[in-house]
Amino acid sequence: MEIKAFGVIGAGQMGNGIAQVAAMSGVDVVMNDIATEFVEKGIGTITKNLDRSVGKGKISKEDRDAVLGRIKSSVDFKDMASVDFVVEAATEREDLKFKIFRDLDEICRPEVILATNTSSIPIGRIAAQTRRPEKVIGMHFMNPVPVMKLVEVIRGLPTSDDTFEVTWALSEKFGKTPALANDYPGFIANRILMPMINEAVYCLYHGVGTREDIDMVMKLGANHPMGPLALADLIGLDTCLAIMETLNDGFKDSKYRPCPLLRKYVEAGWLGRKTGRGFYEYK
Ligand SMILES: NC(=O)c1ccc[n+]([C@@H]2O[C@H](COP(=O)([O-])OP(=O)(O)OC[C@H]3O[C@@H](n4cnc5c(N)ncnc54)[C@H](O)[C@@H]3O)[C@@H](O)[C@H]2O)c1
């Protein structure tokens, strides 16, 4: 099946990145969010990214305009009636995603694949909200989407071979390298990454080290490009907490207990870069 029109639900840091790589691959994109200001912010980020690429001579001004011209803004879910494939990249909350998938199931044509960029919520549980569970799949992009090569493709129990093959091929069309993961909490990436980030927050909580020393140890000692606390700020502390909750609920093992300090930051609205304050402060 050829994907000509591609829908993205959520224009936040992941949604706008996914919309950008899709439009750069030549497909028409409808990018939806709950309010115009969020969609405009997403378009603003894409424009800034593309301008940077023009500045570096990676793309021409005509390419930039063509990419932007392929992205249509939407605050009406019904716009998804016209697309051939949807990726949902809304806030990491199970009730919210369940509702979105029930609505997409009503609006999208029956043959349309409904993918989710969830970081941790089981694909099977999301699929069960629809009457097309065989057409539901995880398409987990990494942050920042235009830069990171990986897409984790997650098959739920009911996901069909056809859905899997179309999603795999689409990831490649977007210039990404897909990896297959099965449907267990956190899949591969966050089952490994997030407990490490949570442990770094525990180190801060217990006073084992300062934020700078914790990050320095992992950068210079383990050769990570970013320290875990700076990475948590990039991901968003609300998303980190939601992933730890899913691991904790899914495995019922105390090693996945979210650090109380992480919860405290989220409760204070210190969500990382996106709110200007997390473990570090941002302008
Ligand atoms: N941040 C990361 O590093 C990262 C990496 C991979 C996957 N993810 C996943 O991607 C998803 C989005 O994360 P993000 O970091 O972009 O969050 P974000 O907070 O930057 O953006 C979420 C967006 O979803 C919108 N939204 C909320 N409800 C909606 C609805 N009903 N319809 C349409 N839009 C709605 C919000 O207005 C917001 O703009 C989450 O599932 C997250 O787990 C995040």
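Close-up 1. An oxygen atom of the ligand lies 2.5 Å from an N or O atom in the side chain of Glu 92; a polar contact is a pair of N or O atoms within 3.5 Å. A backbone N or O atom of Met 14 is 2.9 Å from a ligand oxygen atom, and a polar backbone atom of Ile 235 is 2.7 Å from a ligand nitrogen atom. On its own the ligand has 840 Å² of accessible area (Shrake-Rupley method, 1.4 Å probe), of which the protein covers 89%. The model is predicted: local features need pLDDT of at least 70, side-chain atom pairs pLDDT 80 or more, while totals for chains, interfaces and linings use all residues. Residues are numbered from 1 along each chain, and side-chain values use heavy atoms, without hydrogens or water.

Close-up 2. Six of the six residues of S6 (136-141) are buried, that is, under 20% relative accessible area (1.4 Å probe, protein chains only). Val 136, Gly 138 and His 140 point one way, and Ile 137, Met 139 and Phe 141 the other. S6 pairs with S5 (113-116) in the parallel sense over three bridges and with S7 (150-155) in the antiparallel sense over four; pairing requires at least two DSSP bridges.

Notes: Buried < 20%, exposed > 50% of the residue type's maximum accessible area, 1.4 Å probe, protein only. Helix = DSSP H or I, 4+ residues; strand = E, 2+ residues; numbered from the N terminus. Polar contact = N/O pair within 3.5 Å; in protein donor to acceptor, adjacent residues only side chain to side chain.
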